[in-house]
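Morning, everyone. Please have a look at the structure on the screen, and then I'll walk you through it.

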Amino acid sequence: DPNDVIYVDTGSYPLVRNIFFETQDSGARVQGPVGLGHPATLNRGTGSRHVFEFLGSDDVTLDSLDITGASRGVFGSTGAGARLTLSNCQLRNNADAGIYWSGSDAQILNNKAFNNGTNGTGIYVSASNATIRGNEVYGNGTGIYNQDGLVENNVARDNRIYGISVG
């Protein structure tokens with residue numbers, strides 16, 4: 001429901017299906033633990049499909065989660081929704097991308113995206129009005145790709161193709 005907060009406790013959660021966010025889920029927040037060394041790991045485990053998939057929801061926040069084992073950890077194509085906030089998450093060991101976002105507006109803040117495919121991308125955003133700030137990306141094919149928006153104060157190292165690619 002709108003404005004719901006879903007708290008995810010420390011632990012490892014194997015997923016057999018995508019977690020979908022649809023129109024009726026607009027305004028939801030998924031909050032993991034904030035203490036260091038206490039991850040909430042959401043593991044798709046197959047290298048296929050996604051952990052989170054957006055289908056028209058607006059104003060969703062994902063915070064302090066460990067997202068792994070998918071094709072794309074967080075996925076939203078055109079029409080996915082608007083105003084996604086992804087903050088303080090680890091996006092790791094996904095086959096194609098840590099996040100792939102083509103919805104409109106996104107705040108991608110203070111995440112670590114690493115080891116997301118030899119030719120994969122840690123953070124891929126082709127949305128208008130995106131802000132990608134304070135992230136650390138390494139061990140990907142491309143660390144950060146952004147089509148349109150602000151990219152600042154990120155650390156990109158040891159990516160195979162590009163550290164940061166804009167436009």
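This is a predicted model: local features need pLDDT of at least 70, side-chain atom pairs count only at pLDDT 80 or more; totals for chains, interfaces and linings use all residues.

Start inside. The largest nonpolar core has 33 residues. Which of them touch the most other members? They are F52, F54, L62, L65 and V74. Strand β6, residues 50-55, is one of the elements that give two or more residues to this core.

Next, strand β18, residues 142-146. Is β18 mostly covered or mostly open? Mostly covered: five of its five residues are buried. β18 pairs with β15 in the parallel sense, over four bridges. There, V125 has N146 as its bridge partner. β18 also pairs with β21, residues 162-166, again parallel and over four bridges. In that pairing, I144 stands opposite I164.

On to charge. Side chains of opposite charge can pair when their charged atoms come close. The count here is eight salt bridges. One of them joins R29 and D63, with the closest N and O atoms 3.8 Å apart. R29 sits in β4 and D63 in β7, 34 residues apart. R29 counts as partly exposed, because its relative accessibility is 30%. D63 is at 6%, so D63 counts as buried.

Another salt bridge joins R83 and D59, at 2.6 Å from N to O. R83 is in strand β10 and D59 is in the loop between β6 and β7, so this pair ties together parts 24 residues apart in sequence. D58 joins D59 and R83 in a network of salt bridges.

How values were computed
Residues are numbered from 1 along each chain as its sequence is written. Side-chain values use heavy atoms; hydrogens and water are left out. A nonpolar core is a set of buried Ala, Val, Leu, Ile, Met, Phe, Trp, Tyr and Cys residues joined through side-chain atoms within 4.5 Å. Buried means under 20% relative accessible area, exposed over 50%, partly exposed in between (1.4 Å probe, protein chains only). Two strands pair if DSSP finds at least two bridges between them. A salt bridge is a side-chain nitrogen of Lys or Arg within 4 Å of a carboxyl oxygen of Asp or Glu.
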